[in-house]
Amino acid sequence: MKRVCLTVTGMCLIVLHAFSQGSPKDTSTYKPRALKLDEVEIVSSYYDQTANKSAVSGGQTGPMGNANVTDLSNGVELTFVGWDKHQGKNTLTAGLGYDAHTAASQAWVSKTGASKKSGTRIYPSLNWAHENALKGTGYELGAYYSTEYNYRSIGFDAGISQKTRDKNGEFSAKLTTYFDEVKLIYPSEFVKGLITNNTDSTIYITGFNGQTEAIPPGATSKRDKKDVPSSPRDTYSAAFSYSQVFNPRLQGSVELDLVEQTGYLGLPFHRVYFTNGQDTIEKLPSQRFKLPIGFRLNYFLGDDVILKAYYRFYIDDWGVRSHTASLEVPIKISSFFSVSPFYRYYIQTAANYFAPFEKHLTTDTYYTSNYALSAFSANLFGAGIRLAPPKGILDKHFNSLELRYAHYTETTDLVSNVISLDLKFR
Amino acid sequence: MRMQKWILRLSLAAVALSTTVVSCQPVKEYQKNRLNDSEMTLSNRKVEKEEMNMESYREGSSGANGGKTGGGCGCN
């Protein structure tokens, strides 16, 4: 916790220093302007989870099934805004995120529980958006990168938006692709020993990538611990949304995603135990099509209360169907201070390939004991506060502060808490 | 469990009813002060990012919320 406080305090001081060089100029009259730093946003979160039946240990309970997790996530986004001569607004956003986690289940990648329990993830991003308020059009392009010990991802997206003639409706479409690489780190009992000096006749070793290596007498295996093969996972998604203003107090939207995933869609260190007690590695189809559709409705009730309702229906070709419903009620205590309690209910059916510990048959084509693919329901509730005084918080550049706490419980016995802090500087 | 299913069904009915009953009326820019309130945005806020990440890791479904639909990290 001390590290979280120090990190956030340090980032705030750096940002305040960056803005202290000049005062904001009046932008009410239109003038073309080159890109200029407009906003800095820092988001920090701490996540804590207690759970059992980890996928690494094939869904078993007890010490090997420990699935406790902690995650400290920090992200900073710099937004630069400029205006072209056609009154078009250009926004360039550069982001950098850093996560550090501990996961008890990771220890059991090794059969003895001796594997490393912690890891980090770094994810920079770059996004450019162009908006023309007169024409009601918008375009955007984005690039993303994420790297962690066993996973690497490169992503791109492109989107367009068009407002209706009366500016009360807006249609948008976005195409996103991720080209990911999953490192094939298997549970230790499935990793063959490395041959350092072959004293026998020629040995042939077939790796997890299917390639066979020949090791003649007196030679050493070319593979070492760092040379773990990877397998691709590609994601293609098309997201469509339409938003509509109904009256001065009510607006809503509908969002539809079409998602196709191909490649290695499981994780190689997830075990599965068959009914005969024998263990193996999770096996899932190499293709998945997802179809979520969501509806939002926001209503300003009176002068101080807002009702934000959301519902999503999800279906995929692995057999998962889910319903999500949530309600958030921001209450304005004053013009710059609000409190937002919220509740979310979630329920899903199991994937066709899920079975608990030692329930899969050796004749099954696909198998997993990952409880994220089991049938369960979940409740999430909590509250957030938002502070955005017109003259800033402590300093005129410290624009707003949001703090949010959420408590999550699943019928799988997973319980988690997440607390997040969002600071904006302009 | 049965009660929660009923709450879910009633919420859905309320959402469907309100969208059909409330007729659209033209709203001028100067009438949008409430709609332009920062709490009225039709998207998730950045402060919810970790919650959405957690949900996409722990649940079998994702998407239709402006967040990730798969890929980009070790989740599905």
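Begin by colouring chain A by secondary structure, which comes to 1 helix and 21 strands; helices (H or I, at least four residues) and strands (E, at least two) are DSSP runs, numbered from the N terminus. This is a predicted model, in which local features need pLDDT of at least 70 and side-chain atom pairs count only at pLDDT 80 or more, while totals for chains, interfaces and linings use all residues. For selections, residues are numbered from 1 along each chain as its sequence is written, and chains are lettered from A and ligands numbered from 1 in the order in which they are written.

The model scores ipTM 0.81 and pTM 0.85. Colour chain B by pLDDT (the predictor's confidence in each residue, from 0 to 100): chain B averages 78, and 63% of the residues score at least 70. Where pLDDT is low, the predicted coordinates should not be read in detail.

Return to chain A, where 32% of the 426 residues count as buried; a residue is buried if 20 or more other C-beta atoms lie within 10 Å of its own, exposed if 12 or fewer, and partly exposed in between, with C-beta atoms placed from the backbone. Of the contacts in chain A with a separation of 6 or more, 58% are accounted for by residues 24 or more positions apart, a contact being a pair of residues whose C-beta atoms, placed from the backbone, lie within 7 Å.

The hairpin has 4 residues between the strands, and A:Gln87, in the loop between E2 and E3, has a positive phi of about 65° although it is not a glycine. A:Gln87 is partly exposed because 13 other C-beta atoms lie within 10 Å.

Moving along E2, select A:Glu77, which is found in that strand. Which residues does A:Glu77 contact, leaving aside its neighbours within four places in sequence? They are A:Glu41, A:Thr93 and A:Gly95. The C-alpha atoms of A:Glu77 and A:Glu41 are separated by 5.2 Å, although the two are 36 residues apart along the chain. With 18 other C-beta atoms within 10 Å, A:Glu77 is partly exposed.

On to E4 (residues 118-132) of chain A, which runs antiparallel to E3 and is joined to it by 15 bridges; here A:Asp99 has A:Arg121 as its bridge partner.

A:Glu358 has a positive phi of about 60° although it is not a glycine, and it counts as partly exposed because it has 17 C-beta neighbours inside 10 Å.

E18 and E19 run antiparallel with 12 bridges joining them, and the bridge partner of A:Tyr345 is A:Asn379. A further 10 bridges join E19 to E20 of chain A, again antiparallel, with A:Gly382 and A:Ala406 as bridge partners.

**The nonpolar cores**

Next, select A:Val56, A:Ala351, A:Tyr353, A:Phe354 and A:Leu373, which touch the most other members of the largest nonpolar core, a group of 27 residues. A nonpolar core is a set of buried Ala, Val, Leu, Ile, Met, Phe, Trp, Tyr and Cys residues joined through C-beta atoms within 7 Å. A second, separate core of 9 residues includes A:Tyr47, A:Phe376, A:Leu380 and A:Tyr408.

**Where chain B meets chain A**

Finally, display both chains: the contact takes 76 residues from chain A and 40 residues from chain B. Select helix H2 (residues 49-58) of chain B, in which 8 of the 10 residues are buried, among them B:Met54 and B:Arg58. The buried residues of this helix pack against E1 (33-50), E2, E20 (398-410) and E21 (415-425) of chain A.

Methods. Contact = placed C-beta atoms within 7 Å. Pairing = 2+ DSSP bridges.
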